[in-house]
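User: I am new to this structure and would like to go through it step by step. Could you begin with a term that will be needed along the way?

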Amino acid sequence: MKKGKHVKLIPERQVSNEKIYKNCMYTAGIMFAIGAILAISGILAGAKSGIFIDWTSHGIRIVPQKDTYTYEAYDITDINAIDINVSNAAIKFVPSENDKWGIVATYNYYKNAPEINTSNGKISVTQASHSGWEMVGIINLLFKPLDNSITIYVPAGSPLISSIKINTDNSAIKSDCALNTEILNIETSNGAIKFNNLSVSKQTQIKTSNDLISLNGNFSGDSNLKTSNGKIEVAGLIKDSFTAKTSNGSVDIDVNRPESEYSIYGKTSNGSVKVNGENHSTDYSSYSSTSNTINAQTSNGAINLNFAR
């Protein structure tokens, strides 16, 4: 009696998964090849920071990002608010050479440029929508980094304005001059927030991730600072309610008023809480009859609270 041949049956699901895997690998290879071709084409065309694939009613075209955009406006008066809502742009405040406001915006590609308005008592910068797609990531590694930036020139004397509101991402927000506002609302990601000589009288809301928050100035009203994987450092006069929270970073607060004027709560998971250099383990609280409170919290970091003596 002849023995029959044994046929190994492969489950349909396994065959399907293998096909999907092969198709994914083929697609990845094709996309990588296209990216390499575009990158080399961009270099030969003189691109500075990447490739822009632009689609219009006339079809699709590939443009090297070498057409930069610059907007300048000076001698602006009667500003009462600043509102900036953009993507991937570093923002900086610097002193003006006179008693007037100014703004300079520089973008790596003109189609990415924001809409800017300086009328009606407000400096407004808004991200403009465009048709197209930017080739970033691996391709941009062959080019110089994106250098989009917005610079605000602040008049001498730091005039009081009603609000400063800023929203961006993957970029730092910094100030090298005196700023005086009732409301400060700032949010970014993967970028440091640094303000020196800042005065906020009503509300401070600051949020970032994976970077530092550093403030020096006077803070009244409701103040909330939050970051992740970054340090928080604050120095100056604090009134009313002040909260600073981070993870994987330390919290350092130096106040130019006595400890007795504040109700204090400090807590960390893996670190210590120190008040005027005295170690209080991982948890500390004290009560004051005033309305001033300081709440400092972190995990995997130390809390250092220093007060005037």
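Analyst: A residue is called buried when its relative accessible area is under 20%, exposed when that area is over 50%, and partly exposed in between. The model discussed here is a predicted one.

User: Is V94 buried or exposed?

Analyst: V94 lies in strand 5, which covers residues 90-95. Leaving aside neighbours within four places in sequence, V94 is in contact with T151, I152, Y153, V154 and C177. Its relative accessible area is 14%, and because the cut-off for burial is under 20%, V94 counts as buried.

User: How far apart in space are V94 and D176, C-alpha to C-alpha?

Analyst: In sequence, V94 and D176 are 82 residues apart. In space, the distance between V94 and D176, taken from C-alpha to C-alpha, is 5.3 Å.

User: How many strands does the chain have, and what share of its residues is buried?

Analyst: The secondary structure of the chain consists of one helix and 25 strands. Among contacts between residues at least 6 apart in sequence, 50% join residues at least 24 apart. As for the two values asked for, the strands number 25, and the buried share of the 309 residues is 40%.

User: Why is strand 6 described as largely enclosed by the rest of the structure, and which residue of strand 10 stands opposite A105?

Analyst: Strand 6, residues 101-107, is largely enclosed because six of its seven residues are buried. It pairs in the antiparallel sense with strand 3, residues 69-76, over six bridges, and in that pairing E72 stands opposite V104. Strand 6 also pairs in the antiparallel sense with strand 10, residues 149-154, over five bridges, and the residue of strand 10 that stands opposite A105 is I150.

User: What is the relative accessibility of S209?

Analyst: S209 is found in the loop between strand 14 and strand 15. Not counting residues up to four places away in sequence, S209 touches T188, S189, N190, G191, T227 and S228. S209 counts as buried, because its relative accessibility is 18%.

User: Which residue meets R257 in a salt bridge?

Analyst: Side chains of opposite charge can pair when their charged atoms come close. A search of the whole structure finds seven salt bridges, and one of them joins the side chains of K100 and D99 at 3.4 Å, N to O. K100 is partly exposed at 27%, whereas D99 is exposed at 56%. For R257, which is partly exposed at 35%, the salt bridge has an N to O distance of 3.0 Å, and the residue it meets is E261.

User: Which residues are linked in a network of salt bridges?

Analyst: The side chains of E233 and K231 meet in a salt bridge at 3.4 Å, N to O. E233 is partly exposed at 28%, and K231 is partly exposed at 31%. The residues linked in the network are K231, E233 and D252.

Terms used:
Residues numbered from 1 in each chain as written. Predicted model: local features only at pLDDT ≥ 70, side-chain atom pairs only at ≥ 80, totals over all residues. Heavy atoms only, no water. Helix = DSSP H or I, 4+ residues; strand = E, 2+ residues; numbered from the N terminus. Buried < 20%, exposed > 50% of the residue type's maximum accessible area, 1.4 Å probe, protein only. Contact = heavy atoms within 4.5 Å. Pairing = 2+ DSSP bridges. Salt bridge = Lys/Arg side-chain N within 4 Å of Asp/Glu carboxyl O.
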